[in-house]
Amino acid sequence: MELEEFNRKIVPMRQELLSMARRQTGDEDLAEDSVQEVMLKLWSIRHELDKYGNTRALAIKMIRNWYIDHWRHSKMECHLKTDKDIATTDNTVELKDEISIIRSIVDTLPPLQAQVFRMKDIEGYENEELLKIIGCTPDSLRQNLSRARKKIREEFIKIRNK
């Protein structure tokens, strides 16, 4: 799909996507952000859009998924802030160090293991959702998650014992 066809088929859906996003988010700026991100994703896969029978349905699904991801992220941020508030009375510096160590360990994992770990344990995705997103078997998902957790645990213990 070239620019002219994209402008003819996809760009006119923008207003419909925006009103749907407004209903979901209740926030004009957040709705605009979601539509912009979906339009960028549609543009980046424009050569593959013919595989999807209904681009309107695809765009609507992308808006919905963006909102779910945003909601999960904000829920996790709220949870992390609560944890930080609790930790301020105790060992704030130690907690921050441990978090940064774990983040650095996750960054060294193979890409698939890091992605599975982040999506499952940090962002809170369910296994069924991960299977659809990643496109792997349940055994493969379980193995990658197990390997990631094991590697993080081993490396964390090594670093803490130094």
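## A tour of the helices

In helix H3, the buried residues are Leu30, Ala31, Ser34, Val35, Val38, Met39 and Leu42; buried means under 20% relative accessible area, exposed over 50%, and partly exposed in between (1.4 Å probe, protein chains only). The model is a predicted one, where local features need pLDDT of at least 70 and side-chain atom pairs count only at pLDDT 80 or more, while totals for chains, interfaces and linings use all residues. Residues are numbered from 1 along each chain as its sequence is written, and side-chain values use heavy atoms, leaving out hydrogens and water.

Stepping back, the protein chain holds eight helices and zero strands. Helices (H or I, at least four residues) and strands (E, at least two) are DSSP runs, numbered from the N terminus. Of the 162 residues in the protein chain, 27% are buried.

Now to the start of H3. There, a side-chain oxygen of Asp27 comes to within 3.0 Å of the backbone nitrogen of Asp29. The backbone oxygen of Asp27 is in turn reached by the side chain of Thr25, at 3.1 Å. Thr25 itself lies in helix H2 (residues 14–25). Is Thr25 buried or exposed? Thr25 is buried, because its relative accessible area is 17%. Leaving aside residues up to four places away in sequence, Thr25 touches Leu30, Ala31 and Tyr67, where a contact means heavy atoms within 4.5 Å.

Two helices can be set side by side by their spans; the expected span is 1.5 Å times one less than the number of residues.

| Helix | Residues | Number of residues | End-to-end C-alpha distance | Expected span |
|---|---|---|---|---|
| H3 | 28–44 | 17 residues | 24 Å | 24 Å |

On to H8, whose buried residues are Leu141, Asn144, Leu145, Ala148, Ile152, Glu155 and Phe156. These buried residues pack against helix H5 (92–108), helix H6 (111–122) and helix H7 (127–134).

How do H6 and H8 meet? Their axes are 9 Å apart, at an angle of about 90 degrees. H6 and H8 are therefore roughly perpendicular, a label for angles of 65 to 115 degrees. On the H6 side, the contact is made by Leu112, Gln113, Val116, Phe117, Lys120 and Asp121. H8 contributes Leu141, Asn144, Leu145, Arg147, Ala148, Arg149 and Ile152.

How values were computed: Polar contact = N/O pair within 3.5 Å; in protein donor to acceptor, adjacent residues only side chain to side chain. Axes fitted to C-alpha atoms, helices over the stretch in contact; angles between N-to-C directions. Parallel < 35°, antiparallel > 145°, perpendicular 65-115°, else oblique.
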